[in-house]
Amino acid sequence: MTDASDDTSGASDASDDPTAVVTDGPAGEDAAGRATLAELLSAAVAAVGGSERPGQVAMAGAVAEAIADSTHLLVQAGTGTGKSLGYLVPALAQGERVVVATATLALQRQLVERDLPRLTTALRPLLRRRPEFATLKGRSNYLCLHRLHEGVPQEDTDSGEPGLFDPFEAAERSAARSTSGPSSRLGKDLLRLRDWSGETDTGDRDELTPGVSDRAWSQVSVSSRECLGASRCAYGAECFAEAARERAKLAEVVVTNHALLAIDAIEGAPVLPGHEVLIIDEAHELVSRVTGVATGELTPGGVSRAVRRSSRLVDEKIADRLLTASEAFERLLEVAEAGRLEAVPEDLGYALMALRDAARAGISALGATRDRGVQDEDAVRKQALASLEAVQEVAERIVQGSEYDVVWYERHDRFGTSLRVAPLSVSGLLREKLFTDRSVVLTSATLKLGGDFNGVGASLGLAPEGQRGAEGEELPPWKGLDVGSPFDYRRQGILYVAQHLAPPGREGGRADMLDELAELMEAAGGRTLGLFSSMRAAQSAAEELRDRLDLPILLQGEETLGELIRTFAEDTRTCLFGTLSLWQGVDVPGPSCQLVVMDRIPFPRPDDPLISARQKAVEEAGGNGFMAVAATHAALLIAQGAGRLVRTMQDRGVVAVLDPRLAKARYGAFLRASMPEFWYTTDRNQVRRSLAAIDAAARSGTAS
């Protein structure tokens, strides 16, 4: 891992220095009368109560340079670097509007509730202005006042006519019949939402604590397609979503999420205000989030719902046509087998064309009702129209077919079979839509996979670093920078690979792995975060080891994730087992998490339609599909999982991978190079002694 700590900001000629910013007063001036980036960063660090770190200084200088040169930057900044200040300070110093996109709500909250308020206050004397900031999310994240006051469009009413249903009235009737309030969780959530609506200034769902169920929230929110529009809605002047958009237009810093960024890029209709700088934090998640937004899905339930919503608003002939097409599609999905469709079967093609054409006829008929002028009917019609448009677009996309799309059937135990379509790659989309007309900075603790940035860069549509395009081909210029971490990983952590175990198979049932895991957990005195490749594996291990060990073992799914993590953090003997969300979503510093165990290398499922299609495409182009897709996917997850161990300077522990392929396979070195630089061993006796010593030190309170 490269240490960029010597790459300090500043230059001898301040007039050419991209890390300086104009001010109007004596505070923080250089010879040209400008505050230097170093002075701004120092003030910011002091404001948040931190200490200046070499990696943060290097990152800030590189971000300032990229913005000044209108180029792009990938920055790997390890845990503890303080990367949010590393990009916010130089972005604010340039005085241009910046959009910051994150993958998780936790980071959004950190930026908006902690970092930005302190930062803008601290920099005001040096910048001679107080930068404004705002949060912007998708419309469905905000309370809809029309839904709240007028009711929810429903497909079936007692009168047999389309109309609006008032869920709050039903909740009140339930409460009136009981001295303890509404009997259902939905009723209680709805009454809470109504009370909260009179208290909130933003209508932002994420500010409601504790939260409510998705079902309850759906009663008081709308998608952008379902929205009547501010000019047509009786509550347009008070609309929370519109107010958020207006605040974003006036702000210098707009904090959003990857999903809205993807919508802004894909749909062509700008939802974000114009900006000169885009910063993408948690950038290792971007490709997955963009792929999710670009994925279409048809389910029997969704199609049936669209038909019910529309049928009573159109004439009988069109309603019958919609119903016939819906039933034909549903019959096909009942017998469909999960897996990729290399070509759309003839019967499915006919069913989709019938569905597309019926939906199109329904959309035209609904459009003819647009000017009836009845407000309630407007809301009902908009919801029906949104549902039909979604069905029509996905059916059309699959019928048209594209070599750049992957189509497959997916079976879910609870929801049945769905038909899905997703882009084979989003790299071209990102290259065209993301890296134009602005400077883009992407940062994460895990961007450098296998020792360089090229794997992540390729997934983003970037050519290998420094490579020029063919004649006439413009490739976005970019640089990669690894600023390291303030942690001394070789002294703080051990990477142990159990190379004596048998390689994992597809069937499961690894008795030797469970024996090894039990011994490691006993040596560690609990304190174990178990990261499993599947929920079935996590459940099997928890059931087996609860009988064997005198240690509390928590299992993902048995409580809310937040409650599980709190319990795990509070009791050092407690262990926590789970799957994907634990690989990336756990931050438990201190003695409660001193052993992180991975049951196997987290390769994607070999039968995953999208992953297998991407591998095949790479191979057909002459590349190594396994390394470019499956190994890169695993490298990202294994790096994220290993990052759960060391969260502070005081943390000590072991990352144990119970998969001998990490030590023996040819790709093992690539995967290990993607992880923090822990001290590496395959000696099972050594690791047990080390765990016992770490446990003893934690018990005595002398973390040494």
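**Aromatic pairs and a parallel sheet**

A search of the whole structure finds 7 aromatic pairs. Before I go through two of them, please keep in mind that this is a predicted model.

Let me take Y489 and F678 to begin with. Their ring centres are 5.4 Å apart and the planes stand at 90°, so this pair is edge-to-face. The two residues come from distant parts of the chain, 189 residues apart. Y489 is in helix α18, residues 489–492, while F678 is in the loop between α26 (668–673) and β22. Are these two residues buried or exposed? Y489 has a relative accessible area of 9%, so it is buried. F678 is at 5% relative accessibility and therefore also counts as buried. There is a further member here: ring pairs link F487, Y489 and F678 into a cluster.

The other pair is F532 with F577. Here the centres are 5.1 Å apart and the planes make 55°, so the pair is tilted. F532 sits in the loop between β17 (528–531) and α20 (535–548), and F577 belongs to strand β19, so the pair ties together parts 45 residues apart in sequence. F532 counts as buried because its relative accessibility is 3%. For F577 the relative accessible area is 0%, so that residue is buried as well.

What is the order of its strands? The sheet is open, has 7 strands and runs β18-β19-β17-β20-β21-β16-β22, with parallel pairing. At the edges are β18 (553–555) and β22 (679–681), each of which pairs on one side only. From one strand to the next, the twist averages 15°. Helix α27, residues 684–700, packs on this sheet and touches β16 (493–497), β20 (595–598), β21 (653–657) and β22. The direction of α27 makes about 145° with that of β16.

β18 is joined by 3 bridges to β19, residues 575–578, and the two run parallel.

With a relative accessibility of 66%, G557 counts as exposed, because the cut-off for exposed is over 50%. The C-alpha atom of G557 is 9.2 Å from that of M535, and the two residues are 22 apart along the chain.

The charged end of R672 sits over the ring of Y680, at 4.9 Å from the ring centre.

How values were computed. Residues are numbered from 1 along each chain as its sequence is written. This is a predicted model: local features need pLDDT of at least 70, side-chain atom pairs count only at pLDDT 80 or more; totals for chains, interfaces and linings use all residues. Side-chain values use heavy atoms; hydrogens and water are left out. Two strands pair if DSSP finds at least two bridges between them. Helices (H or I, at least four residues) and strands (E, at least two) are DSSP runs, numbered from the N terminus. Axes are lines fitted to C-alpha atoms, for helices over the stretch in contact, and angles run from 0 to 180 degrees between N-to-C directions. Contact means heavy atoms within 4.5 Å. Buried means under 20% relative accessible area, exposed over 50%, partly exposed in between (1.4 Å probe, protein chains only). Rings of Phe, Tyr and Trp (its six-membered ring) pair if their centres lie within 6.5 Å; planes under 30 degrees apart count as stacked, over 60 as edge-to-face and the rest as tilted. A charge sits over a ring if NZ of Lys or CZ of Arg is within 6 Å of the ring centre and within 35 degrees of the ring normal.
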